[in-house]
Amino acid sequence: MTDSVQKLYAAVLSARARDPARSRTAKLIREGVPKMAKKLGEEAVEVGIEAVQNNRPAVVRESADLVYNLVVLWSELGITPGEVWREMDRREELYGIAEKLPKSRHGGQPPVGETSKDGTQREAPHPLLLHGKHR
């Protein structure tokens, strides 16, 4: 996927110089960051709606639109796909896989419900202490 996003990014950069009357990408870029951000949000909502309706083919299509609009926004802000991949790598190094809580969040203990090396199971914290917030 990273190659596809990089190719899309390069195509978006080249479209910047095209005639906005003939290029949807050039038109979107000409309309500025607020319009790009709006389109990105609309696509994200459409992905969510299609997911709730369990419309898998539509989720795939809308996801492609979402990625396109994200890349257009990156290009305007001077963000490269490489910067995003490096941030993802940094997070993976810090936190591990996405389902795993950062070790610092649970003091080196296993995640809630998992068993530690000594055979004890970690209990869920009091609800008012979750995420360090008080309700």
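Me: What is the relative accessible area of tryptophan 85?
Reply: This is a predicted model, in which local features need pLDDT of at least 70, side-chain atom pairs count only at pLDDT 80 or more, and totals for chains, interfaces and linings use all residues. Residues are numbered from 1 along each chain as its sequence is written, and side-chain values use heavy atoms, with hydrogens and water left out. Buried means under 20% relative accessible area, exposed over 50% and partly exposed in between (1.4 Å probe, protein chains only). Tryptophan 85 is partly exposed, its relative accessible area being 21%.

Me: Does tryptophan 74 count as buried or exposed?
Reply: The relative accessibility of tryptophan 74 is 10%. Buried residues are those under 20%, so tryptophan 74 counts as buried.

Me: What is the geometry of the pair formed by the rings of tryptophan 74 and tryptophan 85?
Reply: Rings of Phe, Tyr and Trp (its six-membered ring) pair if their centres lie within 6.5 Å; planes under 30 degrees apart count as stacked, over 60 as edge-to-face and the rest as tilted. By this rule there is one aromatic pair. The rings of tryptophan 74 and tryptophan 85 have centres 6.3 Å apart and planes at 85°, so the pair is edge-to-face.

Me: Which side chain of opposite charge is nearest to glutamate 62?
Reply: Glutamate 62 lies in helix α4 and is buried yet has no salt bridge. A salt bridge requires a side-chain nitrogen of Lys or Arg within 4 Å of a carboxyl oxygen of Asp or Glu. Lys and Arg count as positive and Asp and Glu as negative, while His and the chain ends are not counted. At 5.8 Å, the nearest side chain of opposite charge is arginine 61.

Me: Within what arc do the buried residues of α1 fall?
Reply: Val5, Tyr9, Val12 and Ala15 are buried in α1. The arc is that of the directions from the helix axis to the C-beta atoms. Seen down the axis, the buried residues of α1 line one face of the helix, because they fall within an arc of 125°.

Me: Against which helices do the buried residues of α1 pack?
Reply: The face of α1 turned away from its buried side carries the exposed residues Asp3 and Lys7. The buried residues of α1 pack against α2 (24–31), α4 and α5.

Me: How many residues apart are glutamate 76 and arginine 16?
Reply: The whole structure has six salt bridges, among them one between the side chains of glutamate 76 and arginine 16 (2.8 Å, N to O). Glutamate 76 is in helix α4 and arginine 16 in the loop between α1 and α2, a separation of 60 residues.

Me: About how many helical turns separate glutamate 31 and lysine 27?
Reply: Glutamate 31 and lysine 27 form a salt bridge, with the closest N and O atoms 3.8 Å apart. Because they are four residues apart in helix α2, their separation is about one helical turn.

Me: Which residues are linked with Lys39 in a network of salt bridges?
Reply: Lysine 39 and glutamate 42 meet in a salt bridge (3.6 Å, N to O). In helix α3 (residues 33–52), lysine 39 and glutamate 42 are three residues apart. The network links Lys39 with Lys38 and Glu42.

Key. Helices (H or I, at least four residues) and strands (E, at least two) are DSSP runs, numbered from the N terminus. Contact means heavy atoms within 4.5 Å.
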